[in-house]
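Trainee: Please take one part of this model and go through it closely, including what surrounds it. I would like the cut-offs stated as you go.

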Amino acid sequence: MEASENELDSPDRLQWDADEHSKWLTLALHLAKKSPPKPTNYCVGAVLISPSRKYPVLSTGYTLELPGNTHAEQCCFEKFAKSNGCDVEELHTVLPDDSTLYTTMEPCVKRLSGNKPCAQRILEAKNIKKVFVGVTEPEKFVNENNACKILGDSGIAYEHIPGMEKEILEVATAGHEKEQAEESDAAK
Ligand code: ZN
């Protein structure tokens, strides 16, 4: 039986997607490594792109890049707004309408500090149509991060890109007190 030609799910197309995702997530991870490790948060990196542009990167950010208790997505958005001469509240007026966010970790939906959660910032940015994450947030600081549902309900495509979880979590938790690892995997 011959499969009908469908560009969207051809192996070439899927491989192209995988390569693109890996490229941007790798950049986000590289940014996460610049974040100063702290016991009270995760070192996260974020990349905002416009895939239709010749030079797709709009902005980048990582946890604590900007002064204050700043998150990666927040830094990414604030830098883009500033470089376009507007306040972050006006971000949607300067964002291309195919904006796509890559972040090493699922955007937060609640912040213990009372700051605006990143999922909320993504919604307010309006033109972010897709969000790709490297890992979902471990339930350490805030239970039940349901960014997936919140963003999905607002029509934002949300996808977990598998394959880099181990390295992403190592970087994210670099400032956390390490629990004694079990010996079970140690034997070679
Ligand atoms: Zn956040």
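Mentor: Two residues are in contact, or touch, if their C-beta atoms, placed from the backbone, lie within 7 Å. The model is predicted, so local features need pLDDT of at least 70 and side-chain atom pairs count only at pLDDT 80 or more, while totals for chains, interfaces and linings use all residues. Residues are numbered from 1 along each chain as its sequence is written.

The part I take is Ala-172. Leaving out residues up to four places away in sequence, Ala-172 touches Ala-32, Tyr-42, Cys-43, Val-44, Thr-104 and Met-105. Asn-41 lies 131 residues from Ala-172 in sequence, yet their C-alpha atoms are 8.1 Å apart. A residue is buried if 20 or more other C-beta atoms lie within 10 Å of its own, exposed if 12 or fewer, and partly exposed in between. Ala-172 is buried because 26 other C-beta atoms lie within 10 Å.

Ala-172 sits in helix α5. Helices (H or I, at least four residues) and strands (E, at least two) are DSSP runs, numbered from the N terminus. The buried residues of α5 are Ile-168, Val-171 and Ala-172. They lie on the same side of α5, because their arc around the axis is only 100°; the arc is that of the directions from the helix axis to the C-beta atoms. An α-helix has 3.6 residues a turn, so residues three or four places apart point the same way. The cover over the buried residues of α5 includes α1, β3 and β4.

From the side of α1, the buried residues are Trp-24, Leu-25, Ala-28, Leu-29, Leu-31 and Ala-32. These are on the same side of α1, because they cover an arc of only 150° around the axis. On the other side of α1, Pro-11, Asp-12, Gln-15, Trp-16 and Asp-19 are exposed. Among the elements covering the buried residues of α1 are β1 (45-49), β2 (57-62), β3 (99-105), β4 (128-135) and α5 (165-172). Helix α1 (residues 11-32) has 22 residues and should span 32 Å at 1.5 Å a residue, which agrees with the 31 Å between its end C-alpha atoms. The expected span is 1.5 Å times one less than the number of residues.

As for the setting, the protein chain has 5 helices and 5 strands, in the order α-β-β-α-β-α-β-α-β-α along the sequence. Of its 188 residues, 35% count as buried. Among contacts between residues at least 6 apart in sequence, 66% join residues at least 24 apart.
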